[in-house]
Amino acid sequence: MDRSYLNKEYNHLKAGKRYSIVKSFSDYDNYLYEEGNVIEFIGSNFVPYEDGLSLFCIYKDREQQITLQVRPEAQQEIAHNLQQYLVSVSE
């Protein structure tokens, strides 16, 4: 994956840092991110014309794209409240 186009920070997330999932959630593709697991944030990308937010991370030992649509009828609540779902892991 070419990471050069990714934003290294999004909200409280910073590239290279690990975050514990403290509240389970499903992304746009209905992929479940379960409480108790950890992700390592790689970067983010936002596509305005679709209100699409992609959070790239390492989840369960593989690179994963968390897809969120930032619209009220979709995953806006998650995107606007990420700090309630992902909490920094002290290293």
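**Aromatic rings and the core**

Modeller: Start with Tyr 31, which is partly exposed at a relative accessible area of 29%. Buried means under 20% relative accessible area, exposed over 50%, partly exposed in between (1.4 Å probe, protein chains only). This is a predicted model: local features need pLDDT of at least 70, side-chain atom pairs count only at pLDDT 80 or more, and totals for chains, interfaces and linings use all residues. Residues are numbered from 1 along each chain as its sequence is written, and side-chain values use heavy atoms, without hydrogens and water.

Colleague: How many aromatic pairs does a search of the whole structure find?

Modeller: Rings of Phe, Tyr and Trp (its six-membered ring) pair if their centres lie within 6.5 Å. Planes under 30 degrees apart count as stacked, over 60 as edge-to-face and the rest as tilted. The search of the whole structure finds five.

Colleague: Which class do the rings of Tyr 31 and Tyr 59 fall into?

Modeller: Their centres are 6.2 Å apart. Their planes stand at 80°, so the pair is edge-to-face.

Colleague: Is Tyr 59 buried or exposed?

Modeller: Its relative accessibility is 1%. Tyr 59 therefore counts as buried.

Colleague: Which residues do ring pairs link into a cluster?

Modeller: Tyr 33 is buried, as is Tyr 59. Both belong to the cluster, whose members are Phe 25, Tyr 31, Tyr 33, Tyr 59 and Tyr 85.
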